[in-house]
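Hello,

Here is the structure I promised to pass on. My notes on the pockets and the sheet follow below it.

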Amino acid sequence: MRNLAALSWRIRPDALIRYGAFLLDWRRFLSAGGKAEVLDFFPCLFDKTSTTGIDTHYFHQAIWAFRQVRQSGAARHIDVASDVNFVGLLTTITDVVFVDIRPLLVRIPNYHGVSASVTCLPFADGSLASLSCMHVLEHIGLGRYGDPIDPRGPEKACREIARVLQPGGNAYVSVPIGRARVCFNGQRVFAVSEVRALFASLELHDMAIVDVPGNFIDHVAPESVDIREAEGGSDFGLGMFRFGKPIPISHPR
């Protein structure tokens, strides 16, 4: 099954050629005195690359959000359904509560998992100082991860994030940006103006992007973002936003 999986998991015309090269490498290994049985083969046919590849969205957003949380000095951080590797790293600098409809069941220091939805967060109004929701909102309501079908899913999720954030608190959010559309049931792509409208009750303090070719650009002006579909073999970038809830101004009597 492992032998066949290398050919079937990714349909590529060069798979058979690469399998031939794999067999030649095996023969060289045996000739050099190594031992490797056929039934123990584990062909990895597509890893001989000239450079190390990354998923530019997840790579850059993890660095950006981790730096933001660390610089904030938050003693407790809530993450809603972001990449679990990012969540694990956060536990090295603060206490983390991870919220997801598919709970992460691990036992590590400074971690607590909660089974809940971003559209109905189990926190009181204005109770959270630090919250992240990275590469998540675009999926809400499309059923991809077992959540209910709901065309208004992102709006409900953003209202919940704004509801639970305390005055002066920070919410770190990322979503695909570009030509606004729904790619059912994979994801949505948002215009930057849509994201700002979804969080109209919060203030945008900082923004960064990953453009279509995969370049990270920090501290961008929202009105200057121009994602074009013809670049880099893709048709959307990533927007990373740090929103804050305004602190009410008290007027002296």
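The lining of the second largest pocket is made up of R18, A21, F22, D25, W26, F29, A36, F41, F42, C44, L45 and K48. Nine of these residues are nonpolar, three are charged and no polar ones occur. The volume is about 260 Å³. Keep in mind that this is a predicted model.

Now the largest pocket. It holds about 490 Å³ of space. Its lining counts 27 residues, with A81, D100, R102, V136 and Y145 nearest the centre. By type, the lining has 14 nonpolar, seven polar and six charged residues. Strand 2 (95-100) and helix 5 (153-164) each contribute at least two lining residues. Strand 2 gives the most, with three.

Eight strands form an open sheet in the order 3-2-1-4-5-10-8-9, and the pairing is mixed. Strand 3 (111-115) and strand 9 (216-217) are the edges; each has a single partner strand, so one side of each lacks a neighbour in the sheet. Strand 1 (residues 76-80) runs parallel to strand 2, and five bridges join the two.

Helix 5 packs on it and touches strand 4 and strand 5, its direction making about 155 degrees with that of strand 5. Helix 3 (residues 56-72) lies across strands 1, 4 (128-134), 5 (165-178), 8 (203-210), 9 and 10 (236-244). Helix 3 runs at about 10 degrees to strand 10.

Best wishes

Terms used:
Residues numbered from 1 in each chain as written. Predicted model: local features only at pLDDT ≥ 70, side-chain atom pairs only at ≥ 80, totals over all residues. Heavy atoms only, no water. 1 Å grid on protein atoms, 1.4 Å probe; cavity = no way out; pocket = protein on both sides within 12 Å on 5 of 7 lines; lining within 4 Å. Points joined across faces, edges and corners; volume = space filled by probe spheres on them. Helix = DSSP H or I, 4+ residues; strand = E, 2+ residues; numbered from the N terminus. Nonpolar A, V, L, I, M, F, W, Y, C, P; charged D, E, K, R; others polar. Pairing = 2+ DSSP bridges. Contact = heavy atoms within 4.5 Å. Axes fitted to C-alpha atoms, helices over the stretch in contact; angles between N-to-C directions.
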